[in-house]
Amino acid sequence: MRVAGACTSKFVEAQKVQHKGQNGKADWTLNQIRKLYGVEKQAKALASNALRDQKNRPLIDQLRTWFDKSLSQVLPKSELGKALHYLDNQWPRLTRFLDDGLIQKKYLAENAVRS
C-alpha cells in the first residue's frame, strides 16, 4: 500500500489544479484509493484476507477500467496526466497484494511494528 500512498500524492497535486468546486478524475481516483484503505482497515480489524479479496479486487478492476479509458483522454504533461502515467508505471506493484497473501501479511506486520 506504500505505492497507493505515492499515487495518492500525485493525484492530490492534480486535484489542486482542477477547477474549484468541480469534481474530476483526480477526485474519483482519490476516492477509490480511500476505499482500498478502508477495506484494509476493516480486514486488519477482522484479520480477514477473504474480505480483502472480496472487496479490493472489484475496486482495483474498476480503477483499471477507468484508468485505461482516462489515460488516452488526458494530456501527458498535465498534473493529472503525470499522476496517471505514474499509476500506469506502478500498477504491478499496486496490485501485487491481490495475488500474494504474504504481501498482505507483511503489510500488516510492518504496520504493527510502526504502531
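Contact, in these legends, means heavy atoms within 4.5 Å. The views are drawn from a predicted model, in which local features need pLDDT of at least 70 and side-chain atom pairs count only at pLDDT 80 or more, whereas totals for chains, interfaces and linings use all residues. Residues are numbered from 1 along each chain as its sequence is written, and side-chain values use heavy atoms, with hydrogens and water left out.

**View 1. Ser70 in helix H3.**
Ser70 has its place in helix H3, where helices (H or I, at least four residues) and strands (E, at least two) are DSSP runs numbered from the N terminus. With a relative accessible area of 1%, Ser70 is buried; buried stands for under 20% relative accessible area, exposed for over 50%, and partly exposed for the range in between (1.4 Å probe, protein chains only). When residues up to four places away in sequence are not counted, Ser70 touches Lys25 and Leu84.

**View 2. The whole chain.**
The protein has five helices and zero strands, and its elements run α-α-α-α-α from the N terminus on. Of its 115 residues, 37% count as buried. Among the contacts between residues at least 6 apart in sequence, 60% join residues at least 24 apart.

**View 3. Helix H2 against helix H3.**
Two packed helices are described by the angle between their axes and the distance between the axes. The axes of helix H2 (residues 25-46) and helix H3 (residues 49-71) come within 9 Å and cross at roughly 165°, which makes H2 roughly antiparallel to H3. Axes here are lines fitted to C-alpha atoms, for helices over the stretch in contact, and angles run from 0 to 180 degrees between N-to-C directions; angles under 35 degrees count as roughly parallel, over 145 as roughly antiparallel, 65 to 115 as roughly perpendicular and the rest as oblique. The crossing of H2 and H3 is left-handed, a term used if the near helix is turned anticlockwise from the far one by less than a right angle, with right-handed used if clockwise. Among the residues that make the contact are Trp28, Thr29, Leu36 and Gln42 of H2 and Leu51, Lys55, Leu63 and Ser70 of H3. The residues of this contact divide into 10 nonpolar, six polar and six charged, where Ala, Val, Leu, Ile, Met, Phe, Trp, Tyr, Cys and Pro count as nonpolar, Asp, Glu, Lys and Arg as charged, and the others, Gly among them, as polar.

Thr29 is found in helix H2 and is buried, with a relative accessible area of 1%. Leaving aside neighbours within four places in sequence, Thr29 is in contact with Phe11, Leu63 and Trp66. Gln42, whose place is also in helix H2, is partly exposed, with a relative accessible area of 37%. Gln42 touches Leu51 and Lys55, residues up to four places away in sequence not being counted, and the C-alpha atoms of Gln42 and Arg52, 10 residues apart in sequence, are 8.7 Å apart in space.

**View 4. The largest nonpolar core.**
A nonpolar core is a set of buried Ala, Val, Leu, Ile, Met, Phe, Trp, Tyr and Cys residues joined through side-chain atoms within 4.5 Å. The largest one has 22 residues, and those with the most contacts inside it are Phe11, Ile60, Leu80, Leu84, Leu87 and Trp91. Helix H1 (2-17), H2, H3 and helix H4 (79-99) are the elements that give two or more residues to this core, and H4 gives the most, with eight residues. Leaving aside neighbours within four places in sequence, Trp91 is in contact with Ile60, Leu63 and Arg64.

Ser78 is found in the loop between H3 and H4 and, at 25% relative accessibility, counts as partly exposed. The C-alpha atoms of Ser78 and Val17 are separated by 9.3 Å, although the two residues are 61 residues apart along the chain. Gly81 is found in helix H4 and counts as buried at 2% relative accessibility. Gly81 is in contact with Val74, Leu75 and Pro76, leaving aside neighbours within four places in sequence. From Gly81 to Ser70, 11 residues apart in sequence, the distance is 9.1 Å, C-alpha to C-alpha.
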